[in-house]
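Me: I have a structure to go through with you. Can we take it piece by piece?

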Amino acid sequence: MTHTPHRLEIQNASIGYGEKIVLRDLSFHVPHGARVAVVGPNGAGKSTLFKALVGLLPLQSGQILIHGLPLGNHLDCVAYVPQREDVDWRFPVTVRDVVMMGRFGQLGWLKRASRRDMQIVQNSLEQMGIADLADYSIGQLSGGQQQRTFLARALAQEPHILLMDEPFSSVDITTQEATLSLLDYLREREVTAMISTHDLNLAATRFDHVLLLNRRLIAFGRPGEVLAQESLSRAFGSSLLVMENGAMLVDECCPPEEEHHHTETK
Amino acid sequence: MSWFLQPLTYEFMLRGLLASVIVGVLCAVMGTYVVLRGMAFLGDALAHAILPGVAIAYILRGDLLVGAGIAAVIVALSIGLFSKQGTIREDTAIGILFAAALSLGVALISSMQTYAVDLSHILFGDVLGVSPADLWLIGGLSLAILLTVGLFYKQFLVISFDPVLAATLRLPAELLRNLMLVLLALTVVVSLQTVGVGLAAAMLVTPAATAYLLTRRLWPMMLVSAVIGALSSVIGLYVSYYWNIVSGSAIVLTATAFFLLAFLWKRVRS
């Protein structure tokens with residue numbers, strides 16, 4: 001088997017928390033620089049997949065290869081923006097401090113931030129439209145601004161693969177637009193992006209590939225092929241509504257309680 | 001100025017002042033992590049948990065500080081072990097070990113034939129009894145702890161603020177957490193000489209909490225905390241000299257006064 005470099009391969013991966021397996025026997029390849037929407041009902045294992053991709057959850061079996069090498073060989077080439085950041089919002093750090101943390105992986109253990117690191121941080125702040133908030137405490141920000149801060153941090157990591165968990169749910173329009181323009185910026189830089197979303201319309205129009213999950217792989221491919229009624233109803237079951245004009249809706253608004261297990265990492 | 005300089009003509013007073021300032025700064029800097037990571041209970045527990053080490057060192061006629069240091073590090077690492085990956089909650093682990101160590105210490109002390117003056121110094125501090133050798137030990141250990149904190153500033157910041165990022169950056173979070181516990185244990189040991197077991201936790205928490213009210217970033221918080229810790233030590237020692245109060249209490253009460261001022265200032269401003 002020949003390897004084209006720069007891609008993400010998942011081979012027969014089963015992922016779960018302890019004994020409980022959430023995702024079973026998952027296999028797919030994402031080509032370098034692709035934009036993938038991860039779609040599925042609540043509890044389908046979207047966050048679980050992301051956590052496994054950054055090494056927050058161990059694989060029960062199978063393997064994940066990035067650039068043809070197993071996870072853990074690439075340190076910071078995967079950046080992850082969780083659905084809700086589990087941080088202390090009263091911690092004494094500014095927006096710029098948080099974004100600078102994105103550089104720590106490449107800085108290594110003992111080096112201090114260089115002029116170049118500061119420039120990357122500044123660029124990331126500007127890309128996400130929060131340069132004017134750089135010296136605010138993170139506790140002073142609105143929800144959308146907080147999300148943009150963490151997206152800027154992921155950008156400052158200069159990742160090859162960026163994972164975003166539900167960046168479009170429950171945020172303001174400015175943040176949605178900043179996130180969409182971030183996707184275009186990432187495409188220019190050939191960064192692979194995987195984004196979980198509940199918005200089928202968005203998945204159909206703004207993404208190259210759709211990964212449809214429900215505890216296992218339902219379908220993976222071009223949006224037109226994957227977002228067909230047959231595979232959608234296999235993923236969503238009765239919460240899929242087909243309108244008379246052919247439009248399909250998922251009767252499942254905001255994802256409140258997806259995967260409530262927390263790994264203790266502190 | 002003579003009221004300031006006159007006490008310093010005594011060498012024991014000068015050594016006491018130096019020791020207090022070093023300890024004040026050290027506790028204040030380590031204290032920022034204690035406050036931010038919610039480890040106030042841990043600081044207090046560590047301070048009491050050194051008691052069996054001190055008692056054993058006393059029985060064996062060894063150095064009390066060395067005994068205290070060994071006990072503190074053992075307790076700190078045991079807390080890390082018991083609460084590893086959430087087997088039991090950290091505060092539960094602390095509660096169990098704290099009580100066990102304290103009981104062991106009291107049991108050992110109560111079995112001694114002579115009641116020891118030296119042990120009361122461990123409990124309440126004896127800043128005027130700092131020998132030149134003690135001062136070197138306090139200074140050397142403090143420098144080593146502060147250098148380690150400076151060296152791993154980034155890593156400690158990330159594991160304290162965002163454990164998920166720490167995991168994606170593949171930082172050895174468990175190792176760093178244990179390193180922090182050991183640094184904290186050593187800090188408590190160093191502070192025994194000046195403020196004693198009973199008040200060490202206050203020196204960890206009060207200046208850092210004051211700085212938390214006044215600053216918005218981590219390193220300025222450390223800096224302001226250190227200044228408050230040092231000032232409290234100097235003012236406290238003079239108060240203790242002129243009013244004849246136990247020095248540990250005077251130092252902690254001064255730090256508390258700083259905290260109240262900062263709290264009021266914050267209230268008035270908002």
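**Strands, helices and the contact**

Reply: Let's start with S3 and S9 of chain A. Strand S3 (residues 35-39) of chain A is joined to strand S9 (residues 209-213) of chain A by four bridges, and the two run parallel. Keep in mind that this is a predicted model.

Me: Which residue stands opposite Val39(A) in S9(A)?

Reply: Leu212(A) does.

Me: What is the strand order in the open sheet of six strands in chain A?

Reply: The order is S6-S7-S8-S3-S9-S10 (chain A). Pairing in this sheet is mixed.

Me: Which strands stand at the edges there?

Reply: Strand S6 (78-81) and strand S10 (217-221) of chain A. Each has a single partner strand, so one side of each has no neighbour in the sheet.

Me: By how much are neighbouring strands of this sheet turned against each other?

Reply: By 15° on average, ignoring direction.

Me: Which helix lies across S9 and S10 of chain A?

Reply: Helix H9 (residues 229-236) of chain A. H9 of chain A runs at about 140° to S10(A).

Me: And what does helix H1 of chain A lie across?

Reply: Helix H1 (residues 46-53) of chain A lies across S3, S6, strand S7 (161-165), strand S8 (192-196) and S9 of chain A. The angle to S7(A) is about 150°. H1(A) also lies across strand S1 (8-17), S2 and S4 of chain A. To S1(A) it runs at about 115°.

Me: S1, S2, S4. What order do they take in their sheet?

Reply: That is an open sheet of four strands, S2-S1-S4-S5 (chain A). The pairing is antiparallel. Strand S2 (20-30) and strand S5 (69-70) of chain A are the edge strands, and each pairs on one side only.

Me: How many bridges join S4 to S5(A)?

Reply: Two bridges join strand S4 (residues 59-66) of chain A to S5(A). Leu65(A) stands opposite Pro70(A) in S5(A).

Me: Switching to helix packing. How do H5 and H6 of chain A cross?

Reply: Helix H5 (residues 143-156) and helix H6 (residues 173-188) of chain A cross at roughly 15°, with axes that come within 9 Å. Angles under 35 degrees count as roughly parallel, so H5(A) and H6(A) are roughly parallel to each other.

Me: Left-handed or right-handed?

Reply: The crossing of H5(A) and H6(A) is left-handed. H5(A) makes the contact with Gly144(A), Gln147(A), Arg148(A) and Leu151(A). From H6(A) come Thr174(A), Thr175(A), Ala178(A), Thr179(A) and Leu182(A).

Me: OK, chain B. How many helices and strands?

Reply: Chain B has 13 helices and zero strands.

Me: What does the globule rule say about chain B's radius of gyration?

Reply: The value for chain B is 19 Å. A compact globule with 270 residues would have a radius of gyration near 18 Å, so the two agree. The C-alpha atoms fill a box of roughly 55 × 55 × 30 Å along the principal axes.

Me: How much of chain B is buried?

Reply: Buried residues are 50% of the 270 residues. As for contacts in chain B between residues at least 6 apart in sequence, 73% join residues at least 24 apart.

Note on methods. Residues are numbered from 1 along each chain as its sequence is written. Chains are lettered from A and ligands numbered from 1 in the order in which they are written. This is a predicted model: local features need pLDDT of at least 70, side-chain atom pairs count only at pLDDT 80 or more; totals for chains, interfaces and linings use all residues. The radius of gyration is taken over C-alpha atoms; the globule rule is 2.2 Å times the number of residues to the power 0.38. A residue is buried if 20 or more other C-beta atoms lie within 10 Å of its own, exposed if 12 or fewer, and partly exposed in between; C-beta atoms are placed from the backbone. Two residues are in contact if their C-beta atoms, placed from the backbone, lie within 7 Å. Two strands pair if DSSP finds at least two bridges between them. Axes are lines fitted to C-alpha atoms, for helices over the stretch in contact, and angles run from 0 to 180 degrees between N-to-C directions. Angles under 35 degrees count as roughly parallel, over 145 as roughly antiparallel, 65 to 115 as roughly perpendicular and the rest as oblique. A crossing is left-handed if the near helix is turned anticlockwise from the far one by less than a right angle, and right-handed if clockwise.
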